Amino acid sequence: MHPTTDHRPALLLAMGPGVDERLLTADHHARLTRLAHTDPRLVAHDLTAPGPRVAAALAEAEILFTCWGATPLTAEVLDRAPRLRAVVHAAGSVKHHVTDACWERGLRVTSAAAANALPVAEYTLAAILLAGKRVLRSAQRYAELRTDHAWLEESATWGNYRRTIGIVGASRIGRRVVELLRPFDVEILLYDPYVTTPPPGVELVGLDELCARSTVISVHAPQLPSTYRMIGPAQLAAMPDGTTLINTARGSLVDEAALLPHLVTGRLHAILDVTDPELPPADSPLYTLPNVLLTPHVAGSLGNELHRMADQALEEVARYGRGEPFAEEVLASDLQRSA
């Protein structure tokens, strides 16, 4: 009998300190070693000045398995990885670490953005439905009153039946939110300058019209120069009294200086998972306004949801090993209009 040759591609984990411990379970480690020639305990936190073990693994690596906190893959870093052919990112956007040098060298790139989109869409669906029922306001009022109250009279304008929902951006998350809303009796408006044919049952409109007609507006556009503060003074002024603005995308898409007066007066409501800056100042009214639900960027994958991203990334490693195309390949042209 002839000895078998190990055809597994060499792989190196590259991500921020502690990320691998939250991302990968023991089962993930076992599958990773079946799919690739790697030491799952060796994690490169810094590829700009790697130690001897990381440098040796990087020199042999055919795949970099990355996640949050990965070192930007500059030309200098790639010079240390002459065998590198692919970057498998077990998270969403690759913009932080995949540089022009990667595309120039013909590296194949894939990401787990599809897996990361699911919890964001789920958070958004919950936020939309709770906004329609005015859950935040009614809970606060209940705690204040602690007695019988004419709730039917106060809730005359509440409810989700035939409510108009505005979706800003037909991103992966935006499209998933539309799908999740299908079982409900709501009207869906969509704004996206790149979409010419909307999904069935969805009305494609301009941004200003969407803001004027919707009573819940959810932002799902990518962070680009063209989307900076796209929800500005004119759009906020167009929103009907009582409209709820939901932002799970990026804080920079909303002009918070223009939004705050509408929130302080109570004219508008907001559910904000992201802000600009990411951490609001300690004296920001966003922390205490009764018509604002502020969460610390938790809509995306966290806890056991990270394992879904690891599962998707491992599937891509398996496809690479079989010589198949990636299921979720990222192209350089995609980044011009994606997160």
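What percentage of the 339 residues in the chain do buried residues make up? Buried residues make up 48% of the 339 residues in the chain, where buried means under 20% relative accessible area, exposed means over 50%, and partly exposed lies in between, computed with a 1.4 Å probe on protein chains only. The model is a predicted one, in which local features need pLDDT of at least 70 and side-chain atom pairs count only at pLDDT 80 or more, while totals for chains, interfaces and linings use all residues. Residues are numbered from 1 along each chain as its sequence is written, and side-chain values use heavy atoms, with hydrogens and water left out.

**Overall layout**

The chain holds 13 helices and 13 strands, these being DSSP runs numbered from the N terminus, with helices of type H or I and at least four residues and strands of type E and at least two. Along its principal axes the C-alpha trace spans about 85 × 45 × 40 Å. Among contacts between residues at least 6 apart in sequence, 66% join residues at least 24 apart, a contact being heavy atoms within 4.5 Å.

**Sheet and strand pairs**

Six strands form an open sheet in the order β2-β1-β3-β4-β5-β13, with mixed pairing. Because β2 (43-44) and β13 (329-330) stand at the edges with a single partner strand each, one side of each is left without a neighbour in the sheet. Two strands are taken to pair if DSSP finds at least two bridges between them. The table sets out two such pairs.

| Strands | Sense | Bridges | Residues opposite each other |
| β10 (residues 244-247) and β11 | parallel | four | Asn-247 and Leu-272 |

Helix α13 (residues 306-321) lies across β1 (11-14), β3 (63-66), β4, β5 and β13, and runs at about 175° to β3; axes are lines fitted to C-alpha atoms, for helices over the stretch in contact, and angles run from 0 to 180 degrees between N-to-C directions. In β11, His-269 and Ile-271 point one way and Ala-270 and Leu-272 the other, and all are buried.

**The second largest pocket**

Ile-271 also belongs to the residues that lie nearest the centre of the second largest pocket, together with Leu-130, Ala-131, Leu-136 and Leu-293, in a lining of 16 residues. A pocket is here an open set of points on a 1 Å grid over the protein atoms alone, where a 1.4 Å probe fits and protein lies on both sides within 12 Å along at least five of seven lines, and lining residues have an atom within 4 Å of a point. The second largest pocket contains about 250 Å³ of space. Its lining draws at least two residues from each of α6 (113-132), α7 (135-145) and β11 (269-272), and the largest share, five residues, comes from α6. The lining divides into 11 nonpolar, three polar and two charged residues.

**Backbone exceptions**

Most residues other than glycine have a negative phi, and most peptide bonds are trans. Arg-134, in the loop between α6 and α7, has a positive phi of about 55° and counts as buried at 17% relative accessibility. Arg-146, in the loop between α7 and α8 (151-154), has a positive phi of about 50°, yet counts as exposed at 71% relative accessibility. A cis peptide bond joins Asp-276 and Pro-277, with omega about 10°, and Pro-277 is found in the loop between β11 and β12 (292-294).

Technical notes
Points joined across faces, edges and corners; volume = space filled by probe spheres on them. Nonpolar A, V, L, I, M, F, W, Y, C, P; charged D, E, K, R; others polar.
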